[in-house]
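Here is a short note for someone opening this structure for the first time. Please read the points with the model in view.

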Amino acid sequence: MADFDWQFFLEVLIGGLLSGIMYSLVAIGFVLIYKTSGVLNFAQGAMLLFAALTFVSLVERGIPHWLAFLITFAIMVLLGLAIERTVLRPLTNKPPITLFMATLGLSYVIEGAAQLIWGTQVHGLELGIDDVPLEFGGVLVSQFDIFAAVIAAAMVALLSIFFRYTRIGLSFRAVADNQFAALAVGLRLPSIWATVWAAAGLIALVAGLLWGARLGVQFSLSLVVLKALPVLVLGGFDSILGAIVGGLVIGAAEKLAEVYIGDYFGGGIESWFAYVVALGFLLVRPSGLFGQKLVERV
């Protein structure tokens with residue numbers, strides 16, 4: 001172990017943890033919808049793509065970044081409300097597979113609309129943060145990764161505070177725990193669902209900008225949501241805390257695996273190692289670290 005480069009290990013680990021925070025942000029968009037309606041919203045990736053395309057297209061037309069963000073935010077809120085009104089509400093009490101297929105179809109509709117409105121060309125997205133390394137005690141860390149992680153962490157913190165301490169947030173938690181009890185005490189489920197879908201639109205916007213700045217705004221950007229699936233399996237589909245912890249674990253694991261054991265598999269294992277971890281975890285704890293175990297009484 002004397003020859004082990006601990007400084008390089010820390011660089012890889014910190015880079016993985018910073019990427020994991022961005023995974024967590026995407027995963028939380030899934031968790032919010034799943035907790036309130038039981039729907040695995042596969043359209044989250046298309047919403048992320050649509051938000052990034054809308055923002056960058058507005059900026060390319062000379063609109064200031066702050067105004068483009070506000071306009072895109074308003075559009076994403078309206079999109080979230082429209083999805084809840086036209087797709088989720090009419091399918092209330094339908095089987096989960098029906099709802100899942102509805103969001104899967106919706107993802108293609110949103111991507112098609114984005115292509116129709118904004119075209120198919122690849123866009124570069126600059127947020128004013130250079131991707132240059134910064135040194136902390138001899139450890140090099142990407143400046144953009146730090147910026148993205150801070151923004152993602154702030155979003156996670158604000159959402160946690162909102163859903164824990166505000167009246168709407170408390171209503172959301174009540175619906176997540178027991179929809180029938182929430183209805184019995186007079187909570188309006190459509191209003192709560194609409195708020196949650198609007199929040200999912202905001203998450204899609206922030207995640208779309210961060211990932212778009214890193215990867216470029218292109219249609220493959222919608223596949224970022226596939227990175228959130230191992231996070232959800234690990235942390236639990238109905239736990240915000242689980243999404244945070246799962247993102248950190250997956251981000252760190254895939255980076256370390258790529259660097260330290262990737263050569264044994266010919267390299268390139270970062271793209272699939274997270275799914276191996278998730279599959280192994282499913283066999284041990286299907287509900288995830290913080291997910292609620294389903295108990296069916298017959």
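Which residue in β2 is the bridge partner of leucine 134?

1. The partner is valine 141. This is a predicted model, in which local features need pLDDT of at least 70 and side-chain atom pairs count only at pLDDT 80 or more, while totals for chains, interfaces and linings use all residues. Residues are numbered from 1 along each chain as its sequence is written, and side-chain values use heavy atoms, with hydrogens and water left out.

2. Strands β1 (residues 133-136) and β2 (residues 139-142) pair in the antiparallel sense through four bridges. Pairing requires at least two bridges found by DSSP; strands (E, at least two residues) and helices (H or I, at least four) are DSSP runs numbered from the N terminus. The two strands form a hairpin with two residues between them, and glycine 137 in the turn has a positive phi of about 60 degrees.

3. Helices α1 (residues 6-37) and α9 (residues 225-235) have axes that come within 8 Å and cross at roughly 80 degrees. Axes are lines fitted to C-alpha atoms over the stretch in contact, with angles from 0 to 180 degrees between N-to-C directions. Tyr23, Val26, Ala27, Phe30 and Val31 of α1 make the contact (heavy atoms within 4.5 Å) with Val225, Lys227, Ala228, Val231 and Leu232 of α9.

4. The residues of that contact divide into nine nonpolar, no polar and one charged. Ala, Val, Leu, Ile, Met, Phe, Trp, Tyr, Cys and Pro count as nonpolar, Asp, Glu, Lys and Arg as charged, and the others, Gly among them, as polar.
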